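Student: Can we walk through this one together? I'd like to start with contacts and then go on to the helices.

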Amino acid sequence: MGFKVAIAGATGNVGREMLNILSERGFPADEVVALASSRSQGTEVSYGDRTLKVSNLENYDFSDTDICLMSAGGEVSKKYSPKIGQQGCIVIDNSSAWRYDADVPLIVPEVNPDAISQFTKRNIIANPNCSTAQLVVALKPLHDFAKIKRVVISTYQSVSGAGKDGMDELFNQTRAVFVADPIENKKFTKRIAFNVIPHIDVFMEDGYTKEEWKVLAETKKMLDPKIKVTCTAVRVPVFIGHSESVNIEFENEITADQARDILRDAPGCLVIDKRENGGYITPYESAGEDATYISRIREDATVENGLNIWVVSDNLRKGAALNAIQIAELLVNRGLVKPRKQAA
Ligand code: A2P
């Protein structure tokens, strides 16, 4: 007997990817329900070779649904997730609404799978920020080997991380440049076409942005609260795939060769690191793929036990939809969720 799974935000970038990945990985679902706002009610989305009609999240009764994969933004999640959880349905939420609550586990299955058992109080499990997910997949095996003291990250984040409106804005502005139309900024604060913007999410009092703070807080929550983390998060004119330049300082000795071997064997990681033209990964190549790619592994001679690495992944997959479905698979594999509805 399989599960009943709802996707809330099924018409969005991440929601559509969730439907693709559920089908691709053969998740044991007997029934999949697509939910979005009233604006999308009655429209259609694809699930494998099937088409699902979209229902309104507002009116949906979750009492026989086992898992809700939610990617409809923080405000929607704050409003609906507690009620869904109270109906006995486990919410795996992609927004930042619950990530920092002590009784909500924040999970990357390759990194901290055992923390998942803490979900029972609220029936909510949080999926990390897209930049953090790929980062911790690469950091975890290195931390296990040589104990990380400090990490300095600069991100190069694609527009799909800002939803489908972000992708439309890059497309429309690029077109406008070529046909000499006026450029309109709606989603981003400055023009994104042929530009980079050092600002993602809101500014905080200390001058960092919320996106930068999320990388710090989430890395500490999932990997180790003792690691010092600092980040600069930048939006770049790439449709899909986040890249990160990561400088790591370790407590113990680690060479570039050792790091390469460790990352080659690590779950979720794929090393592409030839020191020659094209011997590294770019975000364009990561789109549609599941791996966290690591390239440009080299020692940083300016500190004791330092490394620089380049980390790239499809932000809609490992950074969002894939990780959420891996969490659902973890629930199933550990027997933490049982189908509530008898198959018709
Ligand atoms: P809709 O298409 O009906 O607006 P993205 O992050 O790619 O922009 O996608 C956001 C997703 O969240 C979409 O599926 C969107 O549905 C959904 N969403 C936004 N607001 C609500 C809401 N109030 N109730 C349910 N779903 C919502």
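Student: Which residues does His242 touch, not counting those up to four places away in sequence?
Tutor: This is a predicted model, where local features need pLDDT of at least 70, side-chain atom pairs count only at pLDDT 80 or more, and totals for chains, interfaces and linings use all residues. Residues are numbered from 1 along each chain as its sequence is written. Contact here means that two C-beta atoms, placed from the backbone, lie within 7 Å. On that basis, the partners of His242 are Cys130, Ser131, Gln134, Thr155, Tyr156, Gln157, Ser158, Gly161, Pro283, Ser313, Asn315 and Gly319.

Student: Is His242 buried or exposed?
Tutor: A residue is buried with 20 or more other C-beta atoms within 10 Å of its own, exposed with 12 or fewer, and partly exposed in between. His242 has 28 C-beta neighbours inside 10 Å, so it counts as buried.

Student: Which residues does the UniProt annotation "active site" cover?
Tutor: The annotation comes from an unreviewed entry, and such annotations may be inferred rather than shown by experiment. Its residues span 113 residues in sequence, yet no two of their C-alpha atoms are more than 8.0 Å apart, so they gather at one spot.

Student: Which residues does Cys130 contact, leaving aside neighbours within four places in sequence?
Tutor: Cys130 sits in helix α3, helices being DSSP runs (H or I) of at least four residues, numbered from the N terminus. With 28 C-beta neighbours inside 10 Å, Cys130 is buried too. Its contacts are Gly161, His242, Asn315, Gly319 and Ala320.

Technical notes
Helices (H or I, at least four residues) and strands (E, at least two) are DSSP runs, numbered from the N terminus.
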